[in-house]
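Here is a friendly walk through a model that you can follow with the coordinates open beside you.

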Amino acid sequence: MPAPPIISVSNLSKTYATGFSALKAVDLEIRQGEIFALLGPNGAGKTTLISIICGLVTPSTGTVLADGHDIRDDYRAARSAIGLVPQELTTDAFETVWSTVSFSRGLFGKPKNPAYIEQVLKDLSLWDKKDTQIRRLSGGMKRRVLIAKALAHEPRILFLDEPTAGVDVELRQDMWQMVRRLKESGVTIILTTHYIEEAEEMADRIGVISKGEIILVEDKTELMRKLGKKQLTLQLQQPLAALPPALSDFGLKLSAAGDEIVYTYDTKAERTGITTLLQGLAEADIRFRDLSTSQSSLEDIFVSLVKERA
Amino acid sequence: MNETSMRLNLRAIASIYRFEMARTWRTPLQSIVSPVLSTSLYFIVFGGAIGSRMQSIDGVPYGAFIVPGLIMLSLLTQSIANASFAIYFPKFTGTIYELLSAPVAWWEAVIAYVGAAASKSILLGLIILLTAGFFVPLRIEHPAMMLLFLVLTATTFSLFGFIIGIWADGFEKLQVIPLLIVTPLAFLGGSFYSIAMLPPFWQKVTLFNPVVYLISGFRWSFYGVADVGIGISLGMTLVFLVGCIAAIGWIFRTGYRLKN
């Protein structure tokens, strides 16, 4: 029997006082121990969804269970299980790194544990900055401080809202490594991003949200397989006026100038049909100068999904 | 402690309280030097220069007479300023997200923020009292009552400041009530005079000013003289306290301004 979901969102809606409907009857389950990437364009409802689960925004309708606890009726238990790294770099200015991280642990009702805080700071390469005032840190370092604060109370669930927005390459690599370590230690991670490659590289499952609705939730590999088409482009020596009828089964596309044929196929299918196509071309005496293949990325999938809905 | 059985997050209250108090020690100029300086100025001007030409009021020399009023004046304004700023500033910078996402009940946050704001202004009141001791001979007839008034007033006005901090959505709003309402009421509440010195009509009007009761009761604890009965003063102070607690309870029960 599979473990119960660590977060279960049902029929969650949020309409702001302005009348803007940020979430529309969202259902979502997050599995224990996974890395879940929530993708969506700006204003799709990513931050609203996270804010409700973490207690920052009151939902209009619906329920959320976090670690088995209702986020309203049993908010202490639910929130104790959750750590949140917000999107904006909102930190105190005059506190030191050590005191702000220790403060977070106390705020969540955990007894002091300097050894644990030390480990968190070391894991985030913040140890040598522990006595530095936060205002003296760079943006990337502040981001690390926010992560350390979120981890200070040993949460079982970590939310990262746009964790790598405006972050340099080195820090992004560090952060990905840290996320993997956390996953290994059993922490469930939910991240929002509009960097598709981030989701592609990190996530176990991907959810796509658009205009307040979850339009897709899928295993990443499954998603890539299902929607991951590959294209073979053949550049012809002589332009064609029309495709020979013998090749009509392949669903080929001829470019406007008639000098390129594009064949779209499924990489995971038993037969890709490439050999037969090339034989057919040879029989029709169509010669080509060059060929290339390209695979659709998660980004292409994402863009086409969001466009479909638009 | 088992997380699921946490009914009271004492560690959170302690953490917020310590954080807020630490903020005071980081800015000693603003927190301690400035009130001591302004009190000294009041004593030089009102106690020394003007007071020397004034008669004593109810048998109390003018310089000594204004001490309780001066302390109250600072207590009111500083309690409001401390508490309103303490909750408004995290809203302004966005660091409030952490409080909202923490397993902390609203009343625990109120206890911590208001407790810290009140502690600071009580401390400040005592510093002013000490400073006053250098300028005028002090006499405190009812020290326990003096402390009770100090604590009740600091708590009440810190609660009031907390309400302002939640309500305010800009620095303008944060200033407007202290500046336009509390300071005039404090000055007209008998900080520098006995309301018996006013024409009869204004004596009646003054009784609508809540600060009158605070100052009168506080002065009574020093010199045993009062504009209104001590029982009434204490009663009114408690009414304001309960009123503020009720208002905060109402604010948090009916969708407050920290979340949307």
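Predicted model: local features only at pLDDT ≥ 70, side-chain atom pairs only at ≥ 80, totals over all residues.

Helix 1 of chain A spans residues 46–54 and is mostly covered, with 9 of its 9 residues buried. The buried set runs from A:Lys46, A:Thr47 and A:Thr48 through A:Leu49, A:Ile50 and A:Ser51 to A:Ile52, A:Ile53 and A:Cys54.

Beyond its neighbours within four places in sequence, A:Ile53 is in contact with A:Ile7, A:Val64, A:Ala66 and A:Ile71. A:Ile53 is also among the residues with the most contacts inside the largest nonpolar core, together with A:Ala37, A:Ala66, A:Ala148, A:Phe159 and A:Ile189. Helix 5 of chain A (residues 139–151) gives this core its largest share, 7 residues.

| Core | Residues in core | Some members |
|---|---|---|
| Largest nonpolar core | 71 residues | A:Ala37, A:Ile53, A:Phe159 |

**A helix pair in chain B**

Now to chain B, where helix 6 (residues 143–167) packs against helix 10 (residues 230–253) at an angle of about 30°, the axes being 9 Å apart. Angles under 35 degrees count as roughly parallel, so helix 6 of chain B and helix 10 of chain B are roughly parallel to each other. Their crossing is left-handed.

Helix 6 of chain B brings residues including B:Phe149, B:Leu152, B:Leu159, B:Phe160 and B:Phe162 to the contact, while helix 10 of chain B brings, among others, B:Phe240, B:Leu241, B:Cys244 and B:Ile248. By class, the residues of this contact are 14 nonpolar and 4 polar, with no charged ones.

**Where the chains meet**

How many residues of each chain take part in the contact between chain A and chain B? The count is 28 residues of chain A and 22 residues of chain B. On the chain A side, the elements giving two or more residues are helix 2 (75–80), strand 6 (82–85) and helix 3 (97–107). Helix 2 of chain A has the largest share of that side, 5 residues. The side of chain A that touches chain B is made up of 14 nonpolar, 8 polar and 6 charged residues.

How values were computed:
Residues numbered from 1 in each chain as written. Chains lettered and ligands numbered in written order. Contact = placed C-beta atoms within 7 Å. Helix = DSSP H or I, 4+ residues; strand = E, 2+ residues; numbered from the N terminus. Nonpolar A, V, L, I, M, F, W, Y, C, P; charged D, E, K, R; others polar. Axes fitted to C-alpha atoms, helices over the stretch in contact; angles between N-to-C directions. Parallel < 35°, antiparallel > 145°, perpendicular 65-115°, else oblique. Left-handed = near helix turned anticlockwise from the far one by under 90°. Core = buried A, V, L, I, M, F, W, Y, C linked by C-beta atoms within 7 Å. Buried ≥ 20, exposed ≤ 12 C-beta atoms within 10 Å, placed from the backbone.
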